[in-house]
Amino acid sequence: MIRNSFRTSYFQYLLLILIITFGLMNYETVYALFVEQKYGYDAAQISVLITVGAVIGIIVQVWLLDRFIKRLGEMKLIRISLVMTAAALLLMLVTVNLGYLLLVSGLFFAFNAFLRPTLSTIIANAAGDRQGYAAGLSTTYTSIGSILGPVIAGQLFDWHIHMPYILGAGILASALFLTVHTSNNQQKRTAAHD
């Protein structure tokens with residue numbers, strides 16, 4: 001199944017699914033350790049940060065996603081989200097206060113929340129009558145990212161506390177090259193017209 005995915009017209013988007021999952025898992029895996037070591041926050045403060053991030057993700061997907069896709073188009077939203085999630089990872093390295101950390105974490109969760117549903121729409125549209133197969137591939141690539149993210153993030157965190165976020169930012173930013181070869185029609189397509 002994986003080998004066959006290399007020949008699909010949407011393979012670049014499957015790679016993006018893997019990359020964003022890796023980036024999210026990279027972030028989440030070491031988040032509590034990072035915040036505890038860098039800021040000295042306890043479990044209660046860390047749980048508030050994670051909860052606020054999750055709520056922001058829900059708000060973005062329920063109330064903002066369709067509006068942003070209609071305004072920007074899928075591909076532009078993906079590009080902006082890749083840049084902003086990478087920037088948020090790098091901003092995590094700066095220690096300020098709880099408000100700053102809430103803002104940066106919220107930024108990461110918000111733009112990450114735009115990515116998966118937008119990519120899933122593109123993959124489903126590109127798959128045509130093979131949407132079930134494409135959904136299976138998307139799940140497979142998500143699983144690969146979910147395996148690699150924690151393993152690599154944990155190793156990097158043991159090496160240096162900032163390394164998971166630096167690598168994650170680099171990988172997310174470099175994923176922009178996967179969005180370069182898209183047609184104008186695809187860029188202008190919106191969720192309302194799919």
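Predicted model: local features only at pLDDT ≥ 70, side-chain atom pairs only at ≥ 80, totals over all residues.
Figure 1. Ser 143 has a relative accessible area of 36% and is partly exposed. Ser 146, at 28% relative accessibility, also counts as partly exposed. With residues up to four places away in sequence not counted, Ser 146 touches Thr 21 and Met 25. The C-alpha atoms of Ser 146 and Met 25 are separated by 6.0 Å, and the two residues are 121 residues apart along the chain. For Ser 143, the view includes Tyr 133, which lies ten residues away in sequence and 15 Å away in space, C-alpha to C-alpha.

**Figure 2. Arg 130 over the ring of Tyr 133.** Arg 130 lies over the face of Tyr 133. The distance to the ring centre is 4.2 Å.

**Figure 3. The stacked pair of Tyr 27 and Phe 108.** The count of aromatic pairs in the model comes to eleven. In one of them, the ring centres of Tyr 27 and Phe 108 are 4.0 Å apart and the ring planes stand at 15 degrees, so the pair is stacked; the limit for this class is an angle under 30 degrees. Tyr 27 belongs to helix H2 (residues 11-39) and Phe 108 to helix H5 (residues 98-127), and the pair links these distant parts of the chain, 81 residues apart. Tyr 27 and Phe 108 are both buried.

**Figure 4. The edge-to-face pair of Phe 34 and Tyr 165.** The rings of Phe 34 and Tyr 165 have centres 4.7 Å apart and planes at 75 degrees, so the pair is edge-to-face, the class for angles over 60 degrees. Phe 34 lies in helix H2 and Tyr 165 in helix H7 (residues 163-174), so this pair ties together parts that are 131 residues apart in sequence. Both residues, Phe 34 and Tyr 165, are buried. Ring pairs join Phe 34 and Tyr 165 with Tyr 27, Tyr 31, Phe 108 and Phe 109 into a cluster.

Figure 5. Helix H5 has 30 residues and reaches 44 Å from its first C-alpha to its last, close to the expected 44 Å at 1.5 Å a residue. The N-terminal end of H5 is capped by Asn 97, with a side-chain oxygen 3.2 Å from the backbone nitrogen of Gly 99. At the other end, H5 is followed by Gly 128, which has a positive phi near 60 degrees.

Figure 6. Ala 126 lies in helix H5 and, at 32% relative accessibility, counts as partly exposed. Leaving aside neighbours within four places in sequence, Ala 126 is in contact with Ser 9 and Tyr 10. Between Ala 126 and Tyr 10 the C-alpha to C-alpha distance is 6.3 Å, across 116 residues of sequence.

**Figure 7. Ser 81, a buried residue of helix H4.** Ser 81 has its place in helix H4 (residues 74-91). Its relative accessibility is 0%, so Ser 81 counts as buried. Not counting residues up to four places away in sequence, Ser 81 touches Phe 111, Phe 114 and Leu 115.

**Figure 8. The protein chain as context for the close-up views.** The secondary structure of the protein chain comes to eight helices and zero strands. The radius of gyration is 17 Å, close to the 16 Å that the globule rule gives for 194 residues, so the chain is as compact as a globular protein of that length. The C-alpha trace spans about 50 × 35 × 25 Å along its principal axes. Buried residues make up 43% of the 194 residues. Among contacts with a separation of 6 or more, 85% come from residues 24 or more positions apart.

Notes: Residues numbered from 1 in each chain as written. Heavy atoms only, no water. Phe/Tyr/Trp six-rings, centres within 6.5 Å; stacked < 30°, edge-to-face > 60°. Helix = DSSP H or I, 4+ residues; strand = E, 2+ residues; numbered from the N terminus. Buried < 20%, exposed > 50% of the residue type's maximum accessible area, 1.4 Å probe, protein only. Lys NZ or Arg CZ within 6 Å of the ring centre and 35° of its normal. Expected span 1.5 Å × (residues − 1). Polar contact = N/O pair within 3.5 Å; in protein donor to acceptor, adjacent residues only side chain to side chain. Rg over C-alpha atoms; globule rule 2.2 N^0.38 Å. Contact = heavy atoms within 4.5 Å.
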